[in-house]
Amino acid sequence: MRKSFGAKAICYPMPVFIIGTYNADGTPNAMNAAWGGISEETEITICVDSGHKTAENLMTRKAFTVSMATADHVAACDYVGLVSGNKEPDKFAKAGFHATKSEYVDAPLIDELPMALECEVISYDPETCRLVGRIVNVSADESVLGENGKVDVGKLRPITFDTMNNQYLVLGEKVGQAFHDGVQLK
């Protein structure tokens with residue numbers, strides 16, 4: 001028997017994205033955004049409330065980074081979601097984050113978070129809170145690369161948001177091989 005929960009924003013896994021932007025004075029800003037995902041091959045869509053400092057920065061700079069929140073930095077990633085850049089201008093530094101300017105867009109890469117999408121704003125609708133970005137580059141620190149030169153999820157240890165239980169969960173266990181395991185059912 002199934003239990004109904006009604007129309008709610010519940011989906012698994014729910015990625016935890018840390019959006020990086022620059023404030024008007026050039027200081028880095030970050031916010032935690034859990035409602036988003038890849039919407040085209042080089043496009044990401046994220047819900048960003050118009051009241052966030054990040055929304056203002058997006059309209060000014062037309063660029064942002066999306067770092068994957070990791071298990072190693074749960075507290076800092078949660079903190080930038082709890083505190084508003086409108087009220088705490090030094091929240092990036094208080095989270096313990098350090099920034100390196102992206103070579104591809106006018107936005108900061110967060111040194112402590114080893115994987116990021118570097119994006120240009122395609123559109124932002126303050127009424128629906130829908131941000132659409134063009135992925136210009138994906139970068140990852142060598143510390144999270146496997147022997148094949150690709151991102152190793154076990155080393156990255158990205159977290160997801162469990163909406164129903166207000167928990168962060170880590171990803172990483174391999175349970176199958178994509179584009180292979182289903183062949184036996186053909």
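**Legends: overall fold, surface and Lys53**

Of the 186 residues in the protein, 38% count as buried (under 20% relative accessible area, with exposed being over 50% and partly exposed in between; 1.4 Å probe, protein chains only). This is a predicted model, in which local features need pLDDT of at least 70, side-chain atom pairs count only at pLDDT 80 or more, and totals for chains, interfaces and linings use all residues. Residues are numbered from 1 along each chain as its sequence is written, and side-chain values use heavy atoms, with hydrogens and water left out.

View 1. Lys53 lies in helix α1, residues 53-61 (helices are DSSP runs of H or I with at least four residues, strands runs of E with at least two, numbered from the N terminus). Lys53 has a relative accessible area of 18%, so the residue is buried. Apart from neighbours within four places in sequence, Lys53 is in contact with Asn23, Asn29, Gly85 and Asn86 (contact: heavy atoms within 4.5 Å).

**View 2. The fold.** Four helices and eleven strands make up the secondary structure listed for the protein. Among contacts between residues at least 6 apart in sequence, 56% join residues at least 24 apart. Along the principal axes, the C-alpha atoms fill a box of roughly 55 × 45 × 30 Å.

**View 3. The surface and charges.** The protein exposes about 11000 Å², of which carbon and sulfur atoms supply 52% (Shrake-Rupley method, 1.4 Å probe). The mean positions of the 17 positive and 25 negative charges are 6 Å apart (Lys and Arg positive, Asp and Glu negative, His and chain ends not counted; placed at NZ of Lys, CZ of Arg, CG of Asp or CD of Glu).
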